[in-house]
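The model is predicted.

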Amino acid sequence: MKKIRKVLLASAVALCLFACSSKEEKKPESEGITLYFVRHGKTMFNNTDQVQGWSDTPLIEKGEKQADATGVGMKDITFTTAYTSDLGRARATAKRILAKNDHEIPDLIELVGLREWGYGGYEGKLNHEMWDPIFEAHGLKFDDEWSQYAELTTMMSDEDIANAIAENDPTHTAETYAEITKRSQEAIDQIIKETEEKGGGNALIISSGSEIPTILELIVPGQYKGEDISNCSVTIVEYKDGAYTLSVIGDTSYTEKGTQA
């Protein structure tokens, strides 16, 4: 009997080991995430060339049409999650894009961390008042087309630019780079965590023209080279197993596709 019990016990242990190893072998790989960063549609301050950070103006008619067209261009994409900054221009853009989608719409989550940079005392002033001293300090000239901005980024990092604005701000209320990146990283961490919990897939993220490049610098350092992030353009980043891969910056094809539909 003792011998039989030993044989049965050995068999049970073997079965357990086989079952456990089989479970490990069948463990599914973690799903990847595609992050679709979209800049908000054109606003009143964009149209009047005024500084717009935490201050907020509504989408103008062109901005509404941009958002609607982008939504049509992206209508076949199934979004697992959707996020926007808590600023009205971003929220309005997000709602218009999602309203055109052909699939089940996820809840829209607002994150303060996705806000545009806070420009302090420069908010609402003409852009040249904030940018002239920064461009001129590097032998460049600021214009309405931002034609030398890419060149400026070869001389100044994202951090340099943000801190120069904060230093020049007469009210000393503009955000520093450390303040911007802290909230931005927290927002991205939350987006990745919550999207992974839902099985991965596509995440829609609506933000602003300086904030999107800042996020890029955090997750794909050195890959943003001053490319134009125009209103409702789409920037795509792939995420898998802790690594980010940049696919495209400032893609306007979704808006163009929606306009032609």
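Strand β1 (residues 33-39) and strand β4 (residues 201-207) run parallel and are joined by 7 bridges. Within this pairing, F37 stands opposite I205 in β4. Strands of a sheet pair through backbone hydrogen bonds, either parallel or antiparallel. Here the sheet is open and contains 6 strands, in the order β3-β2-β4-β1-β5-β6, with mixed pairing. Its edges are β3 (108-110) and β6 (243-251), each of which pairs on one side only. From one strand to the next the twist averages 20°.

A contact between two helices comes next. The axes of α3 and helix α4 (residues 88-99) come within 7 Å and cross at roughly 40°. This crossing of α3 and α4 is right-handed. On the α3 side the contact is made by E64, A67, D68, T70 and G71, and on the α4 side by T93, R96 and I97. Sorted by class, the contact of α3 with α4 has 2 nonpolar, 3 polar and 3 charged residues.

The remaining topic is empty space. Rolling a probe the size of a water molecule over the atoms shows where such space is left. In this model the largest pocket holds about 880 Å³. Its lining comprises 36 residues, and those nearest the centre of the pocket are R39, N46, W146, D228 and I229. The elements that give two or more residues to this lining are α2 (44-47), α3 (61-73), α5 (127-136), α6 (149-155) and α7 (158-168). Of the elements, α5 gives the most to the lining of the largest pocket, with 3 residues. By class, the lining of the largest pocket divides into 13 nonpolar, 12 polar and 11 charged residues.

What volume does the second largest pocket have? The value is about 200 Å³. This second largest pocket is lined by Y149, T153, M156, S157, D158, I161, P213, E217, G222, Y224 and K225. Two or more residues of its lining come from each of α6, α7 and α9 (211-219). The lining of the second largest pocket has 5 nonpolar, 3 polar and 3 charged residues.

Technical notes
Residues numbered from 1 in each chain as written. Predicted model: local features only at pLDDT ≥ 70, side-chain atom pairs only at ≥ 80, totals over all residues. Heavy atoms only, no water. 1 Å grid on protein atoms, 1.4 Å probe; cavity = no way out; pocket = protein on both sides within 12 Å on 5 of 7 lines; lining within 4 Å. Points joined across faces, edges and corners; volume = space filled by probe spheres on them. Helix = DSSP H or I, 4+ residues; strand = E, 2+ residues; numbered from the N terminus. Nonpolar A, V, L, I, M, F, W, Y, C, P; charged D, E, K, R; others polar. Axes fitted to C-alpha atoms, helices over the stretch in contact; angles between N-to-C directions. Left-handed = near helix turned anticlockwise from the far one by under 90°. Contact = heavy atoms within 4.5 Å. Pairing = 2+ DSSP bridges.
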